[in-house]
Amino acid sequence: MEVVIVKDAKAGGELIAGAIADLLARKPDALLGVATGSTPLPIYDALIAKVRGGLDASRARICQLDEYVGLPAGHPESYRATVLRQVVEPLGLPAEQFMGPDGSAEDVQGACEAYDKALAEAGGVDLQILGIGTDGHIGFNEPCSSLASRTRIKTLIEQTRIDNARFFDNDIEQVPHHVITQGIGTILDARHLVLLATGEGKAEAVAQTVEGPVASLVPASALQLHPHATVVVDEAAASKLK
Ligand code: F6R
């Protein structure tokens with residue numbers, strides 16, 4: 001695992017967007033896994049700026065990390081709608097180059113298995129962007145998730161629903177209880193994992209991820225098992241590293 005300490009979130013976004021640009025130069029149809037939430041926004045801003053500045057990302061393919069279960073189709077806070085709005089549309093990519101799990105499927109378990117299969121058939125994820133929860137979660141793999149888990153349905157813990165209420169008019173009642181998430185084993189299948197963490201609130205989770213034991217209590221610690229994992233942290237998020 002390599003750890004890169006940058007000055008702030010903007011610098012982290014630019015660094016990671018640069019790595020994506022290098023990947024697209026080598027592999028124009030690379031499959032890019034994207035996370036939602038606040039942390040990766042500087043990455044998407046920097047990447048969109050590069051495309052406006054001439055980077056050819058027209059063949060890039062995008063895939064989701066996770067999705068809420070049970071939101072009505074087209075709900076603005078579904079992760080499908082969020083990724084379309086924040087990444088796919090600003091990059092000018094057609095919807096056919098974007099894939100994600102179907103959170104409104106009647107057979108949710110079937111949708112999970114179908115997504116793992118679709119990722120494998122697409123050739124696997126080339127670069128997966130990750131954020132991290134204050135409890136060390138990646139995707140929606142909360143503490144105690146199996147490190148070998150595949151895409152599956154999970155129940156959100158109360159703290160994550162509280163954290164995400166900001167996207168639902170600060171009303172926790174509107175935050176779904178269930179999600180589909182790529183499992184930790186699925187995430188580890190990506191060729192390159194890039195985790196961005198910014199702000200003091202992530203410092204403890206970052207320290208445990210990088211310097212603690214590999215343990216299902218800290219799902220992000222599974223990155224230690226991956227041959228090509230990069231953790232990009234700003235100075236605040238790095239503040240508890242030894
Ligand atoms: C969202 C996701 C989550 C977030 C994490 C951090 O797709 O995978 O693991 O990355 O909850 O969220 P922010 O960046 O909002 O602090």
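In strand β5, F98 is the bridge partner of I62. That link belongs to a pairing between β3 (residues 61-64) and β5, which run in the parallel sense over two bridges. Helices (H or I, at least four residues) and strands (E, at least two) are DSSP runs here, numbered from the N terminus, and two strands pair if DSSP finds at least two bridges between them.

Before going on, a word about what you are looking at. This is a predicted model, in which local features need pLDDT of at least 70 and side-chain atom pairs count only at pLDDT 80 or more, while totals for chains, interfaces and linings use all residues. Residues are numbered from 1 along each chain as its sequence is written. The pLDDT, the predictor's confidence in each residue from 0 to 100, averages 97 for the protein, and 100% of the residues score at least 70. The model also scores ipTM 0.99 and pTM 0.97.

Back to I62: this residue is also the bridge partner of L32. Four bridges join β2 to β3, and these two strands run parallel. Along β2 (residues 31-34), L31 and G33 point one way, L32 and V34 point the other way, and all are buried. A residue counts as buried if 20 or more other C-beta atoms lie within 10 Å of its own, as exposed if 12 or fewer do, and as partly exposed in between, with C-beta atoms placed from the backbone.

Now step back to see the whole sheet. It is open and has seven strands in the order β1-β10-β9-β6-β2-β3-β5, with parallel pairing. At its edges are β1 (2-6) and β5 (98-99), each pairing on one side only.

A190 sits in the loop between α6 (184-188) and β9 (192-197). Is A190 buried or exposed? A190 is buried, because 25 other C-beta atoms lie within 10 Å. V125 is 65 residues from A190 in sequence, yet their C-alpha atoms are 4.7 Å apart in space.

Finally, look at the ligand. Surrounding it are 13 residues, the closest being T36, G37, S38, T39 and G131; a residue is near if its C-beta atom, placed from the backbone, lies within 6 Å.
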